[in-house]
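Biologist: I would like to learn how to read a few features of a model such as this one, going from a single residue up to whole chains. Could we look at it together?

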Amino acid sequence: MQRRSRLHLPPTPARPGEAPDFSYLQLSAAGAVRRPDASARAREIGFLSVELVRVLDDAHEPRGPWDPHLDPSELEIGLRHMLLTRIFDDRMQRTQRSGKISFYMRSLGEEAVSVAQCMALRPGDMLFPSYRNQGLHIVRGMPLVDLMCQLLSNTRDMCKGRQLPVMYHSAAARLFSISGNLGTQFPQAVGWAMAAAIKGEDHLAASWIGEGASAEADFHHALLFAAVYQAPVILNVVNNQWAISTFQGYAGGEQRSFAARGPGYGIAGVRVDGNDFLAVYAVTQWAAERARTGAGPTLIELVTYRAAAHSTSDDPARYRAKDDYAHWPLGDPIERLKQYLIKHGGWSEERHRALAAELESLVAASWKEAVTYGTLNEGPRLDPDLMFEDVFKEMPSSLKRQREAMRAEKGSK
Amino acid sequence: MAQMNMIQALNSAMDVMLGRDPAVVLMGEDIGYFGGVFRVTDGLQRKYGEHRVLDTPIAEGGIVGAAIGMAVNGLRPVAEIQFADYIYPGFDQIASELARLRYRSAGDFFAPVTIRTPCGGGIRGGQTHSQSPEGIFTHVCGLKVVMPSNPYDAKGLLITAIEDDDPVIFFEPKRLYNGPFDGDTNKPAVPWSTHKKGEVPEGHYTVPLGKADIVREGKDLSIVSYGTMVHVAAAAAAAQGIDAEIIDLRSLVPLDVDTICTSVKKTGRCMVAHEATRFSGFGAEIVAIIQEECFWNLLAPIQRVAGWDTPYPHAFEWEYFPSQARFAAALKVVMEPA
């Protein structure tokens, strides 16, 4: 037989009509992965990018050296933030379906990523989110009304009607403006961290990118600059297995883990169970200690699953197996923390239901307030004059003339 | 006052700003220890330290991306892209991020980044070291675009750019680094010490963006230009004995429409010149504005002088470069009696 090259096409485990198949996932037992000192050199801890750091086992028992030993009261806050994120997502999804907002993106199944990571960081740390990190905004205390007004592009929209829904920001909460051009925030976060180091400040930067967008040059620029300047930055790849319809193999996840990109650049890479609140918290805390003590950047791959559609414009039934999330081997982050707290923190189904009801009311009341500031189609509306502001710090005369022309167009209607 | 060439003037601008403002940092390929391939940052790392004058990897997208993050964290980065021809890997970070950050965040975030980059030909650079891509950047909302034609303006404009809270793309016509150049390759090179704009104050001063310079007043014709072509245009008009008003735009965005239109209304004739390719070049925008504002004052069709619509060829550099002969042909048309 003639030997010749052959174009390889990464396999997708299960398409519609096929049974969900997660046999490709490399798993480690809870508690099985060693926890090196935060000062360890990247080249000495390559195993962290291959194995999977897990704390909670299938019986919801904490195992091994990565257990962050958090107080139950702290974990209840984490549970609350995750549940609020999910309830907020559900409500906004339904709102989009009823035509009140143009677009939405849920983070269903990925809530532990944003919530646990944000809780493990300090308020002074600067966050450069992607579009599926609403948990960061919840943990940082952004009022739901503010988030909703952005979704509505109404008169209280922090973006003044200029951004697609979910592209929030808050300078006060140190949440960077989200870009719809994927991955651009990654080198920016590194630059922010470089500046912190130049100024001798104690703050770090953290950024999030999907495994799909990690294929962009920005990802590689970020790792390179982070490695070269040993910037105090935590770079997170949220590997939720899917980039819209494309399985992570096409982002290069078939041959090696995304965390393994780190050691390739001389950066510590850690692969963690992204649906295990305790493990995500512990790994982030470890990475933050590295950043703050001059041990350099960390690349964290959070292994999770995009349980919902990519966005409200997407229908996963067209490209992946039905009921796949029910078979995901790493479970659901909220359910797992809830079961842990029932076992170890005095939590109960009853308290959980009460919390859910309280948060449902909070979301409903916030929505009621948000729409009083206008929706896309009715109520008070942003002044279209705002279109011409903030292109530059001071409006040039050319834009003033165009603003006059726009006003004349409106007046002549 | 001191005698400076454009390299020394730009160096002096950064020296002044590094000394005045601890937030100013320089970054780019070969700019630190070595002082840059054109020596524009020579000595600055030695004077201000490795943490303020950073050598970077060869990754323009990374340079611009990191500069944005640094600026958001309170620094005022001046990034050098070694040749304007190399700027394209950074284009997404410039056009989608740097230019629009203030807008998309409703003013809550902004990035005062200056990007310096040598442009233009006439140095035997071939098609990857000779381009003039300014028109690509003038088309992006939110960027200021600058190109000086002499040492005095170069220093004052660069200080203004660094102090500006909006992003500035600062093009440096590299053929002018060491002396003015009128397009005549047969004449020996002339140093800036022979030119009045080679007199440069040593301290801090600014030249405003959006204010064109009338290099020479004249009655017969307005020539609107910037960069190297300012010198070629002036020489070509003089050789033809035409009393031309020569306007050096200095900044393309913001554009000094008033100075252009006042001049054209006075002379009734206009020529627009740049080294960049002609089709969809920045000259087309200037011509469009002039016909909107000055149509009834025009005595002849506006002429454009530009590079041919080809890549910049190595072997045919002087056939490509907008020469005095190309100016002469256009002058003949624009000066025809009404």
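Modeller: Let us begin with one residue in this predicted model.

Biologist: Where in chain A is A:Gly331 found, and with which residues is A:Gly331 in contact, leaving aside its neighbours within four places in sequence?

Modeller: A:Gly331 lies in the loop that runs between β7 (298–303) and α9 of chain A, and, once neighbours within four places in sequence are set aside, its contacts are with A:Asn275 and A:Arg336. Separation in sequence and separation in space can be read side by side: A:Gly331 and A:Leu9 are 322 residues apart along the chain, and their C-alpha atoms are 29 Å apart.

Biologist: At what angle do helix α1 and helix α9 of chain A pack?

Modeller: Helix α1 (residues 72–97) and helix α9 (residues 333–344) of chain A pack at about 150 degrees, and their axes are 10 Å apart. Since angles over 145 degrees count as roughly antiparallel, that is why α1(A) is described as roughly antiparallel to α9(A), and the crossing of the two is left-handed.

Biologist: Which residues of α1(A) and α9(A) meet?

Modeller: From α1(A) they include A:Leu75, A:Leu79 and A:Met82, while those from α9(A) include A:Ile334, A:Leu337 and A:Leu341. By class, the residues of this contact of α1(A) with α9(A) divide into nine nonpolar, two polar and three charged.

Biologist: How does the domain assignment divide chain B?

Modeller: The assignment gives domain 1 (2–200) and domain 2 (213–334) in chain B, and the centres of these two domains, taken over C-alpha atoms, are separated by 24 Å. Their contact takes 30 residues from domain 1 and 29 residues from domain 2 of chain B. On the side of domain 1 of chain B that touches domain 2, at least two residues come from each of α6 (134–138), β6 (144–146) and α7 (151–163) of chain B, and that side has 10 nonpolar, 13 polar and seven charged residues.

Biologist: How many residues do chain A and chain B give to their contact?

Modeller: Chain A gives 33 residues and chain B gives 34 residues. On the chain A side, the elements that give two or more residues are α5 (185–199) and α6 (217–229), with α5(A) supplying the largest share, 10 residues. That side of chain A has 19 nonpolar, nine polar and five charged residues.

Conventions: Residues numbered from 1 in each chain as written. Chains lettered and ligands numbered in written order. Predicted model: local features only at pLDDT ≥ 70, side-chain atom pairs only at ≥ 80, totals over all residues. Axes fitted to C-alpha atoms, helices over the stretch in contact; angles between N-to-C directions. Helix = DSSP H or I, 4+ residues; strand = E, 2+ residues; numbered from the N terminus. Parallel < 35°, antiparallel > 145°, perpendicular 65-115°, else oblique. Left-handed = near helix turned anticlockwise from the far one by under 90°. Contact = placed C-beta atoms within 7 Å. Nonpolar A, V, L, I, M, F, W, Y, C, P; charged D, E, K, R; others polar. Domains from an automatic or database assignment.
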